[in-house]
Amino acid sequence: MTSLPPERWFPHIRSEICIYSTHTRTVPGGWTCGRHVHHMLFEINLVLDGTQTAIAGSTEHEQHAGDLMLISPMQMHDYQIRGSENTTFFVVHFQVDDPVFHKLFEMNNKGLYAKGHPLNTLLVPLVMNLMKALFEDSKSTSRLFLHLFTLITELQSYFNQEGQGKEPALHSELSYLIAKEIETRVLSSTSSDQPGGDWLESISHNLGVSRRHCHRIFKQFYGMSPREYLMILKRQEAMQMLVSSTETIERIAHRIGYENVQSFSRQFVSWTGCTPGAFRKNHQDDVLHLTPLER
């Protein structure tokens, strides 16, 4: 008689994965995306036809048809068409609640994977399958997530091999938790619009570390202060709401943590060089690529 394995109870496992702002687009020569950062989102950008300049941080890459660009969360980036010809690309942003994947991505991502690179060869067919599924039946979420999970699994396996022998990224998990706390404060309108507000003290207390340690670790890992990240999130959320909703400017100001519309308007002018009303009127088509915070 075959002996039974010892009794064993496994923990409850819950994960969340989201796909944002997935699209194909053809843009003319001279087009620019504009420097921006995605909070906690991974980005995959595949050029289908033409050439674009991808700028990740301070590094520029020439991305040709078939080349793949991977953008890490919190990485400032931009795309520009410097020639006169049109360029067509496919973009997908996704969020996955997996600190191990985040750590591997941060440790190993090199940004550009040109046609012929082993990771390009591995991922491009999976990216094309995801794009095909979107075109054929974008309402079939189980099929879409199957393609995305397959892509993430292959990417994690590749980065696992690449990361053998490397030291883990410094305090990546704590930095990730701080970023999530800041994001929550933007969504709940609890962040202060005044420099030196005690929102960082509150985050530090929640995470069981000092305010100074919280600030130092976050800046060391992401290359920007917690307040700089907070303001980036506020700016992008305000821009997105102005062009994608009919909410009043006063309501938008309150939703991202400003007590009065005058303070919000002054800050918005410093961000964009124009008032919120003028931005809503004149720039609706320019920022639809910005991905809103998860709601």
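**Entry 1: Glu60 and Arg82.** I began with Glu60, which is partly exposed, with a relative accessible area of 46%. I note at the outset that the model is predicted. I then looked up the partner of Glu60 and found that its side chain meets that of Arg82 in a salt bridge, with N to O at 3.0 Å. This pair links distant parts of the chain, 22 residues apart. I located Glu60 in strand β4 (residues 59–64), whereas Arg82 lies in the loop between β6 (77–80) and β7 (87–96). Arg82 is likewise recorded as partly exposed, its relative accessible area being 48%.

**Entry 2: the total.** How many salt bridges does the structure hold? I found 7 salt bridges.

**Entry 3: Glu136 and Arg143.** I turned next to Glu136, which forms a salt bridge with Arg143. The closest N and O atoms of this pair are 3.1 Å apart.

**Entry 4: Arg251 and Glu247.** I looked up Arg251 and found a salt bridge to Glu247, with 3.4 Å between the closest N and O atoms. Arg251 is partly exposed at 45% relative accessibility. Glu247 has a relative accessible area of 22%.

**Entry 5: a network.** Which residues do salt bridges with shared partners join into one network? I listed Lys132, Glu136 and Arg143.

Conventions
Residues numbered from 1 in each chain as written. Predicted model: local features only at pLDDT ≥ 70, side-chain atom pairs only at ≥ 80, totals over all residues. Heavy atoms only, no water. Salt bridge = Lys/Arg side-chain N within 4 Å of Asp/Glu carboxyl O. Helix = DSSP H or I, 4+ residues; strand = E, 2+ residues; numbered from the N terminus. Buried < 20%, exposed > 50% of the residue type's maximum accessible area, 1.4 Å probe, protein only.
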